[in-house]
Amino acid sequence: MNAGSNAPVIIKRKKVVGGDGHHGGAWKVAYADFVTAMMAFFMLMWLLNATTEQQRKGIADYFSPTIPINRVSGGGSGAFGGNNIFTEESLAQSGTGVNQPTIGQNPLRSETQSDAESDAAQASQVAALRDLEAVLFGQGGESMTSEQALRHIVTRLTDEGLVIEIFDLPQATLFEPDSVEPSPVAREIGAILARLFQSVSNPVAIKGHLQAKPILAVNNPVWELSTGRAAQMRLLLEEGGLDPRRIARITGAGDRSPAVRDATAPRNNRVEIVLLRSDR
């Protein structure tokens, strides 16, 4: 080439591309649609499980684009016509909701109040029975029971009421042997309990018990004798002033419910007088 040539100089630039690129954000839109669809699917499954047929009908009518929104939920001029789509016992077009309470009544509050009142009544019953027990044994002062009679009495508070158990001692029995004739101490206890029971209005139950015989006899009238002694105690209570209408029941358990491990022990000869709880 001659030094004086005027030929143009051509420079060729080559564009270098690094990687394939991210191809745009279309995949994000697809993923968002998938998540939305799954959320709608799970919501649909929950609604199918948690609603009744009537509720599902109301929801279907609400989302249907081809009918007026208040075709089924009518009853007013609003979107739902004054109705709740979650109706259960009334028709959707009736204009009433579910289990409407009486005016001025709050069912939840009433239930809470009734539970509280029930607890208070039970506590009052227990307190009254404990007060009677304290009066009987003189825990708050002088006892209304003599020392001789007090030896025959034990008490316990149960779900049924205040159980006053009077029982035989080895040298002092409540009834004559194998009879229903009460001893003087039994008459004294009957009069004391009758006066004690006049301070309350609870019903009274009486049950007689006997000790088992060491030798089984051919004629062993344990049922008649235990029932007869319970009936005799009823008469003693009524003679002391107890209203006969307060006697709820009289039963005899024979020798089937011993108080101690030895069924033949005299301690099993007893009469249980139960001042029943009035809230049962």
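How many aromatic pairs does the structure hold? There is 1 aromatic pair, and the tour of this predicted model starts there.

**Stop 1: the aromatic pair and the patch around it**

Select F41 and F42. Their ring centres are 5.6 Å apart and the planes meet at 65°; planes over 60 degrees apart count as edge-to-face, so this pair is edge-to-face. Colour the two by accessibility: F41 is partly exposed at 42% relative accessible area, while F42 reaches 53% and counts as exposed.

Now extend the selection to W27, Y31, F34, V35, M38, L44, M45 and L48. Together with F41 and F42, these residues make a nonpolar surface patch of about 1000 Å². One member to centre on is M45, which sits in helix α1, residues 26-50. M45 has a relative accessibility of 36% and is therefore partly exposed.

**Stop 2**

In soluble globular proteins, nonpolar side chains tend to be buried together.

**Stop 3: R267 and its neighbours**

Select R267, F167 and E165. The charged end of R267 sits over the ring of F167, at 3.9 Å from the ring centre. R267 also forms a salt bridge with E165, with an N to O distance of 2.7 Å. R267 belongs to the loop between β4 and β5 and E165 to strand β2, so the bridge ties together parts 102 residues apart in sequence.

**Stop 4**

The whole structure contains 11 salt bridges. Select R249 and E160 for one of them: the closest N and O atoms are 2.2 Å apart. This pair links distant parts of the chain, with R249 in strand β4 (residues 247-252) and E160 in the loop between β1 (153-157) and β2; the separation is 89 residues. Both ends are partly exposed, R249 at 37% relative accessibility and E160 at 34%.

Then select E238 and R234, whose side chains meet in a salt bridge of 2.9 Å, N to O. Both residues lie in helix α6, 4 residues apart, or about one turn of the helix. E238 is partly exposed at 23% relative accessible area, and R234 is partly exposed at 23%.

**Stop 4: a backbone angle**

Most residues other than glycine have a negative phi. Finish by selecting D178, which is not a glycine but has a positive phi of about 55°. Where is D178 found? D178 lies in the loop between β2 and α5. With a relative accessibility of 59%, D178 counts as exposed.

Definitions and conventions:
Residues are numbered from 1 along each chain as its sequence is written. This is a predicted model: local features need pLDDT of at least 70, side-chain atom pairs count only at pLDDT 80 or more; totals for chains, interfaces and linings use all residues. Side-chain values use heavy atoms; hydrogens and water are left out. Rings of Phe, Tyr and Trp (its six-membered ring) pair if their centres lie within 6.5 Å; planes under 30 degrees apart count as stacked, over 60 as edge-to-face and the rest as tilted. Buried means under 20% relative accessible area, exposed over 50%, partly exposed in between (1.4 Å probe, protein chains only). A charge sits over a ring if NZ of Lys or CZ of Arg is within 6 Å of the ring centre and within 35 degrees of the ring normal. Patches are made of residues with over 30% relative accessible area and no salt bridge: like charges are joined within 9 Å, nonpolar side chains (Val, Leu, Ile, Met, Phe, Trp, Tyr) within 5 Å. Accessible areas come from the Shrake-Rupley method with a 1.4 Å probe; for residues, only the protein chains shown count as cover. A salt bridge is a side-chain nitrogen of Lys or Arg within 4 Å of a carboxyl oxygen of Asp or Glu. Helices (H or I, at least four residues) and strands (E, at least two) are DSSP runs, numbered from the N terminus.
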